[in-house]
Amino acid sequence: MQILVIGATGYAGRRVSAALARAGHRVLGLTRDTTGQAARDLTISEVTPVEGDFTKPETWRGHLDGTDAVVHLLMELSDPFGGDQRLFAELVAAQERDGRRRHLVFTTGISSYGRTGLPLMDENTPGNPESPLGFRFTLEKELAAGGLAHTVVRPGFMYGGPATTSMTGEWFAAAEAGKPVFYGDTAKRWSWVHVDDLADAYVRILDNPTAVDGDVFVVADDQRLPALDMQHVAVRAAGYTGEIILGTAEAGGMLQMAADQDELVTSAKAHRLLGWRPRHASFTDNPEQHYRAWKANQSRR
């Protein structure tokens with residue numbers, strides 16, 4: 001297939017784009033700058049960089065021509081709700097123009113659930129509308145009602161590789177600066193997924209998209225450690241030996257507030273329908289390796 005990846009130069013986007021190209025697809029990676037290092041990295045992975053600004057549909061609308069699937073891995077912070085609604089509208093309009101039924105793989109995340117009070121969540125768990133990211137569940141519902149061929153992916157907290165927007169990367173950076181802070185509830189636990197294991201789920205979905213049309217998949221491994229324990233492991237791997245400061249979730253900003261609760265999920269549905277299994281057991285298995293990967297990426301920036 002020909003697949004357009006929106007957010008291709010981002011943390012997950014780079015790994016997903018490369019994995020889809022390795023699987024034999026022709027992959028177009030949307031980027032604002034086709035001459036920069038991020039675009040060159042896509043080219044090395046046999047992904048074709050194509051120019052466009054997600055906030056301006058007229059700049060990428062033409063890339064939908066001849067495309068069989070679209071993978072959306074970007075949350076446009078300036079207008080996250082409206083931006084995704086415009087994407088849906090563009091896909092509907094493209095289908096009306098040429099009759100081609102493009103499959104959208106739409107990415108949200110487990111922090112969209114908010115506070116549910118449940119020990120373990122899955123695809124059928126209703127989100128708390130008071131969550132700062134609860135609007136993403138509203139977008140999922142609009143997508144389901146809109147008639148587009150689609151599959152929704154809700155990843156756990158990502159780690160591995162360059163960790164550019166991973167919580168682990170933030171912890172490494174704070175450790176090097178000598179100011180690690182843990183925000184919010186010290187007992188909360190999160191489900192995690194290695195970024196390459198996540199990429200494998202997208203490959204499996206697009207191996208046979210019609211088989212999972214309309215489905216939602218939670219994609220995470222079985223780590224159950226408290227987030228504070230994970231941060232301790234991360235900062236020690238980065239060479240920090242001092243104490244971690246405790247702060248409020250509000251002090252950490254919107255994303256910390258959205259994730260200030262237990263977020264434990266089961267990926268039993270992905271195991272059953274996709275044959276997906278994480279190959280990386282835990283961030284804590286080799287935190288020094290993850291730190292070295294993050295550090296090496298910092299030196300390239």
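Q: In this predicted model, which residue of β5 stands opposite A69?
A: A69 belongs to strand β4, residues 69-72, and the partner strand β5 covers residues 103-107. The two strands run parallel and are joined by 4 bridges. The residue opposite A69 is H103.

Q: Which residue of β3 stands opposite G29?
A: Strand β2 spans residues 26-31 and strand β3 spans residues 48-51. They run parallel, with 4 bridges between them. Opposite G29 stands P49.

Q: Which strands form the edges of the open sheet?
A: The sheet has 7 strands, with parallel pairing. Their order is β3-β2-β1-β4-β5-β6-β10. An edge strand here pairs on one side only. The edges are β3 and β10, the latter at residues 216-219.

Q: By what angle are neighbouring strands of this sheet turned against each other on average?
A: The sheet is open and its pairing is parallel. The average ignores strand direction. The value is 20°.

Q: At about what angle does helix α1 run to β1?
A: Helix α1 covers residues 11-22. It lies across β1 (2-6), β2 and β4. Its angle to β1 is about 175°.

Q: Are α5 and α7 oblique or roughly parallel to each other?
A: Helix α5 takes in residues 167-177, and helix α7 residues 227-237. Their axes lie 9 Å apart, at an angle of about 55°. Roughly parallel would need an angle under 35 degrees, and roughly perpendicular 65 to 115. The pair is therefore oblique.

Q: How many residues in the contact of α5 with α7 are nonpolar?
A: On the α5 side, the contact uses W171, F172 and A175. On the α7 side, A227, M230, Q231, A234 and V235 take part. There is 1 polar residue and no charged one. The nonpolar count is 7.

Q: Are α5 and α11 roughly perpendicular or roughly parallel to each other?
A: Helix α11 spans residues 287-298. Its axis is 10 Å from that of α5, and the angle is about 80°. Angles of 65 to 115 degrees fall in one class, so the two helices are roughly perpendicular.

Q: How many charged residues are in the contact of α5 with α11?
A: From α5 come G169, F172, A173 and E176. From α11 come P287, H290, Y291, W294 and K295. The contact holds 5 nonpolar and 2 polar residues. The charged residues number 2.

Methods
Residues are numbered from 1 along each chain as its sequence is written. This is a predicted model: local features need pLDDT of at least 70, side-chain atom pairs count only at pLDDT 80 or more; totals for chains, interfaces and linings use all residues. Side-chain values use heavy atoms; hydrogens and water are left out. Two strands pair if DSSP finds at least two bridges between them. Axes are lines fitted to C-alpha atoms, for helices over the stretch in contact, and angles run from 0 to 180 degrees between N-to-C directions. Angles under 35 degrees count as roughly parallel, over 145 as roughly antiparallel, 65 to 115 as roughly perpendicular and the rest as oblique. Contact means heavy atoms within 4.5 Å. Ala, Val, Leu, Ile, Met, Phe, Trp, Tyr, Cys and Pro count as nonpolar, Asp, Glu, Lys and Arg as charged, and the others, Gly among them, as polar.
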